Amino acid sequence: TSNNTSSSAVNHLEGEIIATPEFLTLVNAISDDPFPTSLHWVMFVPNILTLCDAEQQAQWLPLCRDWKMIGCYAQTELGHGSNIRALETTATFLKESDGAAPGGEWVVNSPTLTSTKFWPGTLGKTANHAMVIARLIDGSGVDHGIHNFLVPLRSMEDHTLLPGVETGDIGPKIGYNNMDNGFARFENVRIPRRNMAMRFAVVDEEG
């Protein structure tokens, strides 16, 4: 019993408490309507646990646990719902030698109106980060299909929107109005190379 308790405590310290059955039971008991933070623990954190490597998890899960990093899952676009292969948001790799920060960066863009992220919960007002599903364009300009990228949306200090990010609430709905379903557009938003989920796929500093 002592070992089990110790193991559970370690997981909680690593930020996994919001993935436990006990936490979800507590949340469901508090409110019948979903909280605007629901997608943080239902989709954002599980994405980090599933698709990010050990180093990324060690960096981001404690921030999720402490509610410093509040995330959403930004997949659906105005022109594309479950047709994942047709998503248009791009993340283009830029090498350090081409003007990127040390180690390289991704440049995230919404190149068309239909590429606008539209409907993701927690995106409208609450999230300060998004797990953005975008087309990976490598250093040679080759499209490698969709991958997951952790994109900061708002300052973790004062919640103001970051440069190049446009986002907001999509407005009233028939129900679930506690949830701030939102939209987002990106214009040359730069994120570190390591902000791509890298458990199953890796892009090195040369792209």
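**Group meeting: a walk through the predicted model**

Okay, let's start with charges: under the rule that a salt bridge is a side-chain nitrogen of Lys or Arg within 4 Å of a carboxyl oxygen of Asp or Glu, the count comes to eight salt bridges. Before I go on, this is a predicted model, where local features need pLDDT of at least 70, side-chain atom pairs count only at pLDDT 80 or more, and totals for chains, interfaces and linings use all residues. Residues are numbered from 1 along each chain as its sequence is written, and side-chain values use heavy atoms, with hydrogens and water left out.

In general, side chains of opposite charge can pair when their charged atoms come close. Which partner does glutamate 55 meet in a salt bridge? That would be arginine 194, at 3.7 Å from N to O. This pair links distant parts of the chain, 139 residues apart: glutamate 55 is in helix α4 (residues 54–65), and arginine 194 is in the segment after β9 (189–192). When I say helix or strand, I mean DSSP runs numbered from the N terminus: H or I with at least four residues for helices, E with at least two for strands.

Next, how open are these two to the outside? I'll call a residue buried under 20% relative accessible area, exposed over 50%, and partly exposed in between, using a 1.4 Å probe and protein chains only. Glutamate 55 is exposed at 57%, and arginine 194 is partly exposed at 23%.

Another pair is glutamate 105 with arginine 190, whose side chains meet in a salt bridge at 3.1 Å, N to O. Glutamate 105 sits in strand β3 (residues 105–109) and arginine 190 in strand β9, so this pair ties together parts that are 85 residues apart in sequence. Here glutamate 105 counts as buried, at 12%, while arginine 190 is partly exposed at 45%. And there's a network too: salt bridges with shared partners join Asp53, Glu55 and Arg194.

One more pair for your list: aspartate 66 and arginine 65 form a salt bridge at 2.8 Å, N to O. Both ends are partly exposed, with aspartate 66 at 38% and arginine 65 at 24%.

Most residues other than glycine have a negative phi. Tryptophan 67 isn't a glycine, yet its phi is positive, about 60 degrees. This tryptophan 67 is partly exposed, at 34%. Threonine 122 has a positive phi as well, near 75 degrees, and its place is in the loop between β4 and β5 (129–137). Is threonine 122 buried or exposed? Buried, with a relative accessible area of 0%.

Now on to helix α3 (residues 38–51). The expected span of a helix is 1.5 Å times one less than its number of residues. For the 14 residues of α3 that gives 20 Å, and the end C-alpha atoms are 20 Å apart, which agrees. Where is the kink in α3? At phenylalanine 44, shortly before proline 46, and it comes to about 30 degrees. The bend at a residue, by the way, is the angle between axes fitted to the seven residues ending there and the seven starting there. Phe44 is also one of the buried residues of α3, and others on that list include Trp41, Val45 and Ile48.

Over to the sheet. Three strands make an open sheet in the order β4-β8-β7, with antiparallel pairing. β4 (117–118) and β7 (165–169) stand at the edges with a single partner strand each, so one side of each has no neighbour in the sheet. Two strands pair if DSSP finds at least two bridges between them, and β7 with strand β8 (residues 182–186) has five, in the antiparallel sense. For instance, threonine 167 has alanine 184 in β8 as its bridge partner.

Back in the segment after β9 we also find asparagine 195, which is buried at 10%. Taking contact as heavy atoms within 4.5 Å, and not counting residues up to four places away in sequence, asparagine 195 touches Trp60, Asn148, Phe149, Leu150 and Pro152.

Last stop, cysteines. A disulfide here is a pair of cysteine sulfur atoms within 2.5 Å, and the structure holds zero of them. For cysteine 52, the nearest cysteine sulfur is that of cysteine 64, 9.4 Å away. Cysteine 52 is buried at 1%, and cysteine 64 is buried at 0%.
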